[in-house]
Amino acid sequence: MPAPTLEELAPAGSDLTADPHPALAALRERGRVHRVHVPGTGDVWLVLGRDEVRAALTDQRLRNDVRHSATWKSDGGHAIGLNMLQTDAPRHTRLRALVAREFTAGRVEALRPRVQRTADALLDALPPAGGYALPLPLTVICELLGVPAGDRHLFPTWSAELVAPSSPAAAAAAGAEMTAYFASLITAKTLDPGTDLMSALVLAPAGEEGLSPGELLGMAFLLLVAGHETTVNLISGGVLSLLRHPDQLAALRADPGLLAGAVEEMLRHDGPVTAAAFRHAAEPLEIAGVRIPAGDSVMLSLPAHPPTTP
């Protein structure tokens, strides 16, 4: 019998989408580790609490690579291709170095005028057109990767299904369609490279090991989905937090110099993700007095404490 879902464990009346903090706080009072069922994934250990989560994030017995999961059967366990969130050192170190070398400050700075124009145009369209938090980061990431403008409308639906599937079949279809698209894009960049990031990743410098086909797919997937989904949530969640705290909104409007600190505070107060990528126990371990068998998967809750007023 599967473990209860987080919704079933949460106190009655909890709204885990609108405000997960009260439910997570109630669960922490009952224990820092709970067995929960995640639809589409299976039973995992949910770890709550600042100290426990911080320790688990650096525990070398908990690995990113899904091959350490007892339920892993094939490379189909990876999202799309092989990305940095699902690898460990030394492979992770190599992948990070390759993308860091190309993801330069100069490349990002060169995008600034286009980002500014996009942001201004979206703001000018509010209202009645609506839409800002999604199209802004999606446009920027697509331009960075060299995705043609006419294809960008495809990604919101694919990304939504992969991040929050409406059904296993829909998620599988979205994954297959995105994989086919990126494979085609990689082929096009190989035959006719441009100045975009994907072209740079496809063309490894002479004498150096480049990315494999699976790694290229994983990198494209990670940059697009993780790159824009987190920013969408940060923008929308940040605006909501400011609307809920009008004194902070007034302070920011009165002194735009506070903006950089405000963004950091939004990340702390109510960040864009509520859990880290799954970790998998490479060997037995104990967290907060609970034994985690080898092969079990662990989900680390990032909002370890209810947020204080920003």
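Biologist: Which strand does β4 (residues 279-281) pair with, and in what sense?

Modeller: First, the idea: two strands pair if DSSP finds at least two bridges between them. Strands themselves are DSSP runs of E, at least two residues, and helices are runs of H or I, at least four, both numbered from the N terminus. Here, β4 pairs with β7 in the antiparallel sense, over two bridges, and R279 sits opposite V298 of β7. Bear in mind that this is a predicted model, where local features need pLDDT of at least 70, side-chain atom pairs count only at 80 or more, and totals for chains, interfaces and linings use all residues. Residues are numbered from 1 along each chain as its sequence is written.

Biologist: And how does β2 pair with β7, parallel or antiparallel?

Modeller: Parallel, over three bridges, with β2 spanning residues 42-47. W45 stands opposite V298 in β7.

Biologist: Are the faces of β7 buried or exposed?

Modeller: Buried means under 20% relative accessible area, exposed over 50%, partly exposed in between, with a 1.4 Å probe and protein chains only. In β7 (residues 297-300), S297 and M299 on one side and V298 and L300 on the other are all buried.

Biologist: What is the volume of the second largest pocket?

Modeller: Rolling a probe the size of a water molecule over the atoms shows where empty space is left. The second largest pocket comes to about 690 Å³. Of its 15 lining residues, Y132, I235, V239, L259 and V263 are the closest to its centre.

Biologist: Which element gives the largest share of that lining?

Modeller: α11, with seven residues.

Methods
Heavy atoms only, no water. 1 Å grid on protein atoms, 1.4 Å probe; cavity = no way out; pocket = protein on both sides within 12 Å on 5 of 7 lines; lining within 4 Å. Points joined across faces, edges and corners; volume = space filled by probe spheres on them.
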